[in-house]
Amino acid sequence: MGKNDALEALVRITNERLGYEPTTPSEFNDLLLRIQKTTGDSLSLSSIKRLWGYVKYNGDFSQTTLNILARFNGMKDWESFKKRIEREVAVTNDEDSGFHPDTMIDTGRYKSGDRFELSWNDGKGCEMECVDHMRFRVAKSRNIKLKEGDIVTLHTLCIGHPIYISDIDRGDLHFASYIGAKKSGLLSISDV
């Protein structure tokens, strides 16, 4: 996979995380604010516009810019992002079966009090807090049917795939299951 393919994948995945493709100055400013809130680092408006093709640019993008965008999308840095994309292309060529790259997380690794954020298309997502082995409280909810305070069972998370949750307790109510991110799959999983 060439650098341009990886850059296109980075832009596409960022657009999926946002739920739209930025085309106006206010949308690019919104993206910059989200990047800063998520990563703690700032990017310039001109760098983002060049990367998205809004402003014509034939040069290379700085390693810092690419690292920040990769971290915004849940990866350690640009090199990790490129490797993940390459593995996903190699692993997913068989439509019926295959191995998952390191984008899969066993939630049994989380201990009581640990938090992580999940994001998918259209600005949807949630923040989860571990309350017991594979049991989580929805700490924050964004545009989804799960509500803050719901207690759920969650076993495995995987970038690019839906989220499957079982045993949802909401006060006196109990729901057997919930499926989120059916169309796009999870775009990011990041510790809070």
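**An aromatic cluster**

In this predicted model, Phe-116 and Phe-136 are both buried. The relative accessibility of Phe-136 is 0%, and because buried means under 20% relative accessible area, this residue falls into that class. Its ring and the ring of Phe-116 have centres 5.3 Å apart and planes at 75°, and the pair therefore counts as edge-to-face, since planes over 60 degrees apart are classed that way. This pair links distant parts of the chain, with Phe-116 in strand E2 and Phe-136 in strand E4, 20 residues apart.

The count of aromatic pairs comes to six. One of them joins Tyr-110 to Phe-136, whose ring centres are 6.1 Å apart and whose planes stand at 85°, so this pair is edge-to-face. Tyr-110 lies in the loop between strand E1 (104-106) and strand E2 (115-120), whereas Phe-136 belongs to strand E4 (residues 135-142), so the pair ties together parts that are 26 residues apart in sequence. Tyr-110 is buried, with a relative accessible area of 7%. Taken together, Tyr-110, Phe-116 and Phe-136 form one aromatic cluster.

Elsewhere, Asn-29 has its place in helix H2, which covers residues 25-39. With a relative accessibility of 36%, Asn-29 counts as partly exposed. Although Asn-29 and Leu-45 are 16 residues apart in sequence, they are 7.1 Å apart in space, from C-alpha to C-alpha.

Conventions:
Residues numbered from 1 in each chain as written. Predicted model: local features only at pLDDT ≥ 70, side-chain atom pairs only at ≥ 80, totals over all residues. Heavy atoms only, no water. Helix = DSSP H or I, 4+ residues; strand = E, 2+ residues; numbered from the N terminus. Buried < 20%, exposed > 50% of the residue type's maximum accessible area, 1.4 Å probe, protein only. Phe/Tyr/Trp six-rings, centres within 6.5 Å; stacked < 30°, edge-to-face > 60°.
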